[in-house]
Amino acid sequence: MKTYGFTLLFSWLSLLAHSTFAQQGAKVYQTYCMGCHGADLKGTPAGSSLLLENLKHGNEKTNIS
């Protein structure tokens, strides 16, 4: 499940990196992610924060497994 979440997150972020896909990326986030992770990325009771300073298992690459 973790791998799927990270894959989806990195896919979404790569879309945002290209300005032509920015609006599409926002729609993807609103449709599939915002319900749990919130409009401000700070999380909700249903989903964790996506902000770097609030990562559940730590902020270092070694914390991702």
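Trainee: Which pattern does the protein follow when read along the sequence?

Mentor: The model is predicted, and its secondary structure comprises three helices and zero strands. Read along the sequence, the pattern is therefore written with helix symbols under the DSSP assignment. That pattern is α-α-α.

Trainee: What percentage of the residues in the protein is buried?

Mentor: A residue counts as buried when its relative accessible area is under 20%. The protein has 65 residues, and the accessible surface comes to about 5200 Å². Carbon and sulfur atoms account for 61% of that surface. The buried share of the residues is 14%.

Trainee: Among contacts between residues at least 6 apart in sequence, what percentage joins residues at least 24 apart?

Mentor: The contacts in question are pairs with heavy atoms within 4.5 Å. Of those between residues at least 6 apart in sequence, the share joining residues at least 24 apart is 12%.

Trainee: Which residues make the nonpolar surface patch of about 270 Å²?

Mentor: One member, Phe10, is found in helix 1, which spans residues 2-17. The patch covers about 270 Å². Its members are Phe6, Phe10 and Leu13.

Trainee: Is histidine 37 buried or exposed?

Mentor: Histidine 37 lies in helix 3, residues 34-37. Leaving aside neighbours within four places in sequence, histidine 37 is in contact with several residues, including Tyr29, Lys42, Thr44 and Leu50. Its relative accessibility is 18%, and because the limit is under 20%, histidine 37 counts as buried.

Trainee: Which residue supplies the backbone oxygen that the side chain of histidine 37 reaches at 2.6 Å?

Mentor: The contacts of histidine 37 include Gly47 and Ser48. At 2.6 Å, the side chain of histidine 37 reaches a backbone oxygen, and that oxygen belongs to serine 48.

Trainee: Which residue has the backbone oxygen reached by the side chain of serine 49?

Mentor: Serine 49 is found in the segment after helix 3, and with a relative accessible area of 10% it is buried. Its side chain reaches a backbone oxygen at 3.2 Å, that of leucine 41.

Trainee: What is the value of phi of leucine 41?

Mentor: Leucine 41 lies in the segment after helix 3 and, at 24% relative accessibility, counts as partly exposed. Most residues other than glycine have a negative phi. Leucine 41 has a positive value instead, with phi near 70 degrees.

Note on methods:
Residues numbered from 1 in each chain as written. Predicted model: local features only at pLDDT ≥ 70, side-chain atom pairs only at ≥ 80, totals over all residues. Heavy atoms only, no water. Patch = residues over 30% accessible without salt bridge, like charges linked within 9 Å, V, L, I, M, F, W, Y side chains within 5 Å. Areas by Shrake-Rupley, 256 points an atom, 1.4 Å probe, with all protein chains shown as cover. Salt bridge = Lys/Arg side-chain N within 4 Å of Asp/Glu carboxyl O. Helix = DSSP H or I, 4+ residues; strand = E, 2+ residues; numbered from the N terminus. Buried < 20%, exposed > 50% of the residue type's maximum accessible area, 1.4 Å probe, protein only. Polar contact = N/O pair within 3.5 Å; in protein donor to acceptor, adjacent residues only side chain to side chain.
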